[in-house]
Amino acid sequence: MKPAPFDYARASSIAEAASLAAQAGVDAAFLAGGQSLIAMLNMRVVTPKLLIDVSRVEDAKHIHETDEHVAIGCSVRQSELEQWSSLDRCLPLVAKAIPWVGHIQTRNR
């Protein structure tokens, strides 16, 4: 099956992505890696009117650790998280699970 028609926008910043999402409202979907979303688009489980690509948003490519939490930006690839030097200490369950999530090629997307 093929996805329903949609418009595509590649955001260059978090602010631009937020603005595009605000304009589209509930008719927007975000694309980062696409491993789940592309399948749902093809099966028409989701039918956004606007697909906002955030995969290359540099200001969302971060892992920030505080005493309270770890914030992982939407542009961080799973392989980058897997290689983060503080993963075992900060997120031990994620460290154990992430090698089993998807295939190495998809973790690099």
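This is a predicted model: local features need pLDDT of at least 70, side-chain atom pairs count only at pLDDT 80 or more; totals for chains, interfaces and linings use all residues.
1. Residues are numbered from 1 along each chain as its sequence is written, and side-chain values use heavy atoms, with hydrogens and water left out.

2. Start with the overall plan: the protein has six helices and five strands. Helices (H or I, at least four residues) and strands (E, at least two) are DSSP runs, numbered from the N terminus. Along the sequence they follow the pattern β-α-β-α-β-β-β-α-α-α-α. The C-alpha trace spans about 45 × 30 × 20 Å along its principal axes.

3. Of the 109 residues, 28% count as buried. Buried means under 20% relative accessible area, exposed over 50%, and partly exposed in between (1.4 Å probe, protein chains only).

4. Now look at helix H1, residues 14-24, where Ala17, Leu20 and Ala21 are buried. Why do they lie on the same side of H1? They cover an arc of only 100 degrees around the axis, judged by the directions from the helix axis to the C-beta atoms.

5. Turn to the face of H1 pointing away from its buried side, and you will find the exposed residues Ala15, Ala22 and Gln23. The cover over the buried residues of H1 includes strands E1 (7-10), E2 (28-31) and E3 (50-53), through contacts (heavy atoms within 4.5 Å).

6. Just after H1 comes Gly25, with a positive phi of about 65 degrees.
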